[in-house]
Amino acid sequence: MRFIEALLDIFTNPQFYKITLTASTPLIFASLGGVFSETTGVVNIALEGIMLMGAFFSVVFTQITGSPWLGVFLAIPIGMGMAWLHAWASIKWCGNQIVSGAALILIAQGVTGFLMEPIFGQPGQTDFVGKIAEIKIPGLCKVPFLGQAIGQINPLVIVAFASVFATWFLLYKTTLGLRMRAVGENPESADTLGINVYGIRYFGVIMSGVMASLGGSFLSVGEVGNFRELMTGGRGFIALAAMILGNWNPIGAMWASLLFGASEAMANQLQSSPILHVPATTKPLFNMFPFIVTLVVVAGLIGKTRPPAADGIPYEKSE
Amino acid sequence: MRPDSRIWSFVVPIAAVILALMIASIVILLIGKNPVVAYEALIKGAFGGRQAIADTIIKTTPLILTGLAVGFGFRAGVFNIGAEGQMIMGALIATVVGINLGGVPPVIAIPVTMLIGMLAGAGWAAIAGYLKAKTGAHEVVSTIMLNWIATYLSSYMVTEPLAVGSGTPKSPEIAESAKLPPLLTIGATEMTSGIIIAIVAAIIMYIILEKTTTGYEVKAAGFNPYAAEYGGISISKNITMSMAISGALAGLAGALEVMGVHHRFLGTLSGGKGFDGISVALIGQNHPIGIMFAAFLMASLRTGSNEMQFVGVPKHIIMIIQGIVIFLVAADRIVRTILIRKKKVRS
Amino acid sequence: MPPSLGGIELDKEYAVVMKGITKRFPGVLANDHVDLFVEKGEIHAIVGENGAGKTTLMNQLYGLLHPDEGEIYVFGKKVHFKGPREAIEHGIGMVHQHFMLVDNLTVAENVVLGSETKKGFLFDLNEARKVVKDLSEKYGLLVDVDAKIEDIPVGMQQRVEIIKTLYRGAEILILDEPTAVLTPQEAEELFEILRRLKKSGKTIIFISHKLNEVMEISDNVTVMRLGKVTGRLKTSETNPKEIARLMVGRDVVLRVEKESKEPGDVVFEVKDLWVKDNRGLDAVKGVSLKVRRGEIVGIAGVAGNGQTELVEAITGLRKVEKGKIIFDGIDVTGFSPRELRDMGMAHIPEDRLKYGLIVEYPAYYNLILGRHHRFPFSESNFLNKRFILKNAEDLFEEFDIRPRKPEMLGGNFSGGNQQKIVVARELSHEPKFMVISQPTRGLDVGAIEFIHKTILRMRARNVGILLISMELEEIFSLSDRILVIYEGEIMGETRPEETTFEKVGLMMAGHRLEEVER
């Protein structure tokens, strides 16, 4: 009974919605990245690693330039570089895409941990370097409930949602998008029509690097202003699940990311609920919650969604 | 299928390791340290003295087992990234059992604890296996979710129900009778007999894969699930069973860590050994013999990395080396092409 | 009369001339100094067995492959295509044997893909739809512009492929085995379309191994064998026997001898069977049939009419929604592949690489697949290598599988020998009943002859056989009774001596036996 009370309390609290948006944002970015890559037919599980690199290097560049926005911006090429490595191994060398992705995650974890002491002088986590300031949306602030939830918001959240629509537009309204979808479904057909299959796949994978990097940057300079080792905490994989749940569609991925973000927000709010008085030692149990939700969703809904037909299969010209 | 693929499966991983070490030395240079000094420290840390060698062998044991776990999975056509979580569950349940085996003679206590650890790991993996068999859920996503769940679950267990003492969260010690007898004692380090068990496990895995009908079916399902099903092999049974066996090996790794090394569940128990299992399996080309060598190699890297810290090279360099090796093994054509070009240049 | 070798006749206008084309792949010389002369505005057939080099030759004309030696001239101009785009620019269009269509995109999107109708940098879908509708009407090629490829029938898919070439201004159309997936009636419709295209000035090259079609539609024929041109003939001046001899290099028996036989009692029966396909739609709708010992029942039908699902249900690979399967008097509905095999059912699958073999396993392992869990190959879960190897040696000898190396990996054998391995294995089960699906797809005449003789041998040994094939020749020459399947239903049952290709063709296109007999 108390539990239901607590739930109602949470649902009527604008904080819950605000936290949902912030928790969903990195997932939205990363799952869009997944959509870019897999629509063209390349599986990219390295999102977790690219996010980590994005988080780390945006802190590095913020430290150097003093501006968190520059930090975010300059971290993007790093994400693109990581993605390029994956594209290179998968497209040119027809490597095992899942193993290549796992390798890049390890490299990312290694590099970010490795550079902590040389650059920041201390292991574990950096000091505060700078954070992207929230902006007030004029007019919205005064609106009750809505104002508290989204009246004051991190601009990157807006960028995330804008990216969803930009991605959708690209994929479904432009010729490039049509070709991307064709390449992921039947690369041989596209090839016979003179479409550059390799080029389009490189594009898809590198764009996934851009997106994942933004997702990671949000975690560091967007939310907390510093970097902590392994701070992505599995979000890259939850983003993959969001992409699958969203049926490889940008709008679907957005809704799925919101669902997973909400589960994280729910866990967070339950922990600090004034109604339930949960002891601090049970924190890990609440941390488990988003992963259990993801697991259940993955189990229940897979098979009902349809990946691009050539997803994960390297394309080799029969020349 | 190339006729010389046996030779390649030997040469590629070794070449990959050498290339990775070379690339890593560039990284070391970038932070202003001397790679030669660094690698000297690495070798000293791994093999310099009986203590170091003992440490290396202790670290090899769980790596052989997680390597076998991932390797067996690969042969069966599943990518078991969940060895980490399965190891944790194996360790956790083995601890719970081991704590309560006070009056029982070791002859019973030890096998029972090991078995329960294996069952825990098997069960944890079977969840992902069953999901894949029934719903087609991709085992990469589901096992990683299970990893995190296992991590948090065990973290909770040692901070609340099982907690003992202060400082790093840890469980009470297991009963004397459930502890593995040491092989050798060198200084303060007891080298456990776990290594024997790991080697036996590798031999058993070899026999299963190459000499038994089960092995025939597992490999068939891994190579071509359609033909296997057509040939009467039940794919869903196979997937679940293969994940379970894989999980059992990882669970055993966890149980042995508790029984032989720490004698309790430590909050920081697995420390990435599950992911190391992936590197070991790939370097060892999923073959039990290769896995044993690869495990020894990884263990030496890990032990040696502590020494590298003293000369100013952070431990994380090992992760970078590992990542590069796996990357090159995934895209092994890169390595093959480099080697062929080198051969051509020489001739 | 086109020249045989050497100089080009100056009073003819040639759409395509290929001279001295040579193309090598690792281990095989696919084209060996091939010369091809195609007159403007003709329908030119290129014939040969599987592996003769026909598709390779055309792929070079289309720019998908590059010749190692030789020259290509299109409308008198020497060309060097770096890729299909250039070929398309020169007016060449190709309709491949396996359609190059993107399943989840619509007809209109597929037609314009790669040369999209644009509004700025946006894709103009409406313009695309209009353009496709116009072409469809102009050339009489009926298509549904908004349908997704995965939802339209094969005949329409082919028309989409043709519109694709016309959209890009093709003057020369290459069609690779276009009637492989069509009923005899649909093939006739296609020929009408080709005649219409010829009238509007297009040049057509079509690749085929079906001699009766070549005789019907083409003006000239180029015959290829093992990478070389063995003959250039004017269709009106030749006959199928001559062409066949040039194709194979010896006199060919176009039909195997089948002795008459009294079949035994019913060994296998299917009652009112309903099966769904991968998308959850009904693929088999209430099929009933019986097979007797020593009898070959042939099921004719164009691909995609439920045969695959029927076979999968019978062999335990797919769920039966409704109905019964009875084998040797026992209700085996829902039995697993293993149980069915143990009872004496064998299955030669239609896709030998996907279902029949494990290419990474050596031949000796492939030869025990399905019985690997039984004595003498396995005892208390341990494999008996000695018996396994002996079994392989014996089967290699009996079926003349080459090369005689049982340790070689399955994937390294040629198509014909791979099929022999599958056949050898299934027959070594000593079955009472066999399901045989598309057994000679992609095989050369020698292998086809061997497989057909083997099937008749089984019939002589009183094995009941259910044969599914898209090749009417094969159905007619082997079957005792013929059933025709269309959209999951049996249209009728007849005997080869009591019917004709035409009638069967009508049933394959959806007409019931009673209608056809009228």
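Which residues point one way from strand 10 of chain C, and which the other way? Keep in mind as we go that this is a predicted model. Thr203(C), Ile205(C) and Ile207(C) point to one side of the strand, while Ile204(C), Phe206(C) and Ser208(C) point to the other, and all are buried. Here a residue counts as buried if 20 or more other C-beta atoms lie within 10 Å of its own. For strand 10 (residues 203-208) of chain C that holds for six of the six residues, so the strand is largely enclosed by the rest of the structure.

Let's look at what strand 10 of chain C pairs with. Strand 3 (residues 43-47) of chain C runs parallel to strand 10 of chain C, and five bridges join them. Strand 9 (residues 172-176) of chain C is also joined to strand 10 of chain C by five bridges, and this pair runs parallel too. Now pick out Ile205(C) in strand 10 of chain C: His44(C) has Ile205(C) as its bridge partner, and so does Ile174(C).

Staying in chain C, have a look at another group of strands. Four of them form an open sheet in the order 2-1-4-5, with antiparallel pairing. Its edges are strand 2 (28-39) and strand 5 (77-79) of chain C, each of which pairs on one side only. On average, neighbouring strands of this sheet are turned by 25° against each other, direction ignored. At one end of the order, strand 4 (residues 69-74) of chain C pairs with strand 5 of chain C over three antiparallel bridges, and there you'll find Ile72(C) standing opposite Val79(C) of strand 5.

Now hop over to chain B and a pair of helices. Two packed helices are described by the angle between their axes and the distance between the axes. For helix 3 (residues 50-75) and helix 12 (residues 288-310) of chain B, the axes come within 7 Å and cross at roughly 135°. Helix 3 and helix 12 of chain B are therefore oblique to each other. The crossing of these two chain B helices is right-handed. Among the residues that meet here are Leu63(B), Ile64(B) and Gly67(B) from helix 3 of chain B, and Ala295(B), Met298(B) and Ala299(B) from helix 12 of chain B. Sorted by class, this helix contact has 12 nonpolar, six polar and three charged residues.

Chain B also touches its neighbours. Its contact with chain A takes 39 residues from chain B and 39 residues from chain A. On the chain B side, the elements giving two or more residues are helix 5 (106-135), helix 6 (139-159), helix 11 (273-283), helix 13 (317-330) and helix 14 (332-346). Helix 6 of chain B gives the most, with 13 residues. This side of chain B has 28 nonpolar, nine polar and two charged residues.

The other contact brings us back to chain C, where 23 residues of chain C are in contact with 15 residues of chain B. On the chain C side, two or more residues each come from helix 10 (337-343), helix 11 (352-356) and strand 20 (382-383). The class count for that side of chain C is 11 nonpolar, eight polar and four charged residues.

Key:
Residues are numbered from 1 along each chain as its sequence is written. Chains are lettered from A and ligands numbered from 1 in the order in which they are written. This is a predicted model: local features need pLDDT of at least 70, side-chain atom pairs count only at pLDDT 80 or more; totals for chains, interfaces and linings use all residues. Two residues are in contact if their C-beta atoms, placed from the backbone, lie within 7 Å. Helices (H or I, at least four residues) and strands (E, at least two) are DSSP runs, numbered from the N terminus. Ala, Val, Leu, Ile, Met, Phe, Trp, Tyr, Cys and Pro count as nonpolar, Asp, Glu, Lys and Arg as charged, and the others, Gly among them, as polar. Axes are lines fitted to C-alpha atoms, for helices over the stretch in contact, and angles run from 0 to 180 degrees between N-to-C directions. Angles under 35 degrees count as roughly parallel, over 145 as roughly antiparallel, 65 to 115 as roughly perpendicular and the rest as oblique. A crossing is left-handed if the near helix is turned anticlockwise from the far one by less than a right angle, and right-handed if clockwise. Two strands pair if DSSP finds at least two bridges between them. A residue is buried if 20 or more other C-beta atoms lie within 10 Å of its own, exposed if 12 or fewer, and partly exposed in between; C-beta atoms are placed from the backbone.
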